[in-house]
Amino acid sequence: MTTSASVPAGSDDAIDRSGTVTDRLVDANARYAAEFTDPGMDARPVLQVAVVACMDARLDLHAALGLELGDCHTIRNAGGVVTDDVIRSLTISQRALGTRSIVLIHHTNCGLESLTEEFRHELEMEVGQRPAWAVESFRDVDQDVRQSMQRVRTSPFLLHNDDVRGFVFDVKTGLLREVDAA
C-alpha cells in the first residue's frame with residue numbers, strides 16, 4: 001500500500017494520486033462535505049464526559065459506548081496512557097468546556113505490551129537524538145489503568161476527579177471490563 005509520502009512532487013495535473021491513502025481520505029471528505037449540514041453544536045460535550053483511550057484502530061469508541069456526535073471529548077494516544085499532554089487536554093476539557101466525568105479505556109492485546117523503553121534507545125541510535133517522551137510501555141494492563149486513574153485523580157489542574165473510571169476493552173468480544181482503582 002502506498003502512502004501520501006510516496007507521491008512525487010510536481011504539478012497536480014501530472015500526478016495520479018488515486019492510490020494514496022491520504023487522497024482516498026480527502027475524496028471521502030469531499031463526499032461527506034457534499035451532504036454535510038452544520039448540526040449547530042457547541043464545542044461543549046453534551047454528556048459532559050471526556051474519554052481517554054488507546055489509538056488502536058480496532059476501537060470504535062462511539063459505537064462501543066453508544067455515543068453520538070457531540071456527546072463527548074475523545075482523547076487518544078498510544079496505550080491510552082495519561083501523559084502530560086492528556087492532562088493538558090483534560091484540563092481544557094474541564095475548565096473551558098465543562099466536562100465533569102472521565103472514562104479511561106485501555107484494551108487487551110495492546111502493542112505497548114510488547115515494547116520497552118529500549119525503543120527510545122533504538123530511536124536515539126538511529127536518529128542521533130533521544131526522544132523527550134517516555135514510551136509508557138506496560139506488562140499488566142489493569143495496573144496501567146490504575147496508574148492512569150491515579151494520575152488523573154492527583155493532578156492539581158483538574159477540577160473534577162470524583163467521577164474517574166477505568167476499563168479494559170476486550171478486542172475479541174467488544175466488552176468493557178471495569179478496573180478497580182484499589
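Which residues have the most contacts inside the largest nonpolar core? The legends below take up this point, using a predicted model.

**View 1. The largest nonpolar core is built from 23 residues.** Leu90, Ile102, Leu104 and Val152 have the most contacts inside this core. Five elements each supply at least two of its residues: strands S1 (49-54), S3 (101-107) and S4 (164-169), and helices H3 (84-95) and H5 (141-154). H5 gives the largest share, four residues. In soluble globular proteins, nonpolar side chains tend to be buried together.

**View 2. Val152 and its contacts beyond the neighbours within four places in sequence.**

**View 3. Another core, of eleven residues, lies apart from the largest one.** Its members include Val103, Ile105, Phe167 and Phe169.

**View 4. The fold holds five helices and five strands.** Along the sequence the pattern reads α-β-α-β-α-β-α-α-β-β. The C-alpha atoms fill a box of roughly 60 × 50 × 35 Å along the principal axes. Among contacts with a separation of 6 or more, 60% join residues 24 or more positions apart.

**View 5. Surface and charge of the protein.** Of the 182 residues, 33% count as buried.

How values were computed: Residues numbered from 1 in each chain as written. Predicted model: local features only at pLDDT ≥ 70, side-chain atom pairs only at ≥ 80, totals over all residues. Heavy atoms only, no water. Core = buried A, V, L, I, M, F, W, Y, C linked by side-chain atoms within 4.5 Å. Buried < 20%, exposed > 50% of the residue type's maximum accessible area, 1.4 Å probe, protein only. Contact = heavy atoms within 4.5 Å. Areas by Shrake-Rupley, 256 points an atom, 1.4 Å probe, with all protein chains shown as cover. Lys, Arg positive; Asp, Glu negative; His and termini not counted. Charge placed at Lys NZ, Arg CZ, Asp CG, Glu CD.
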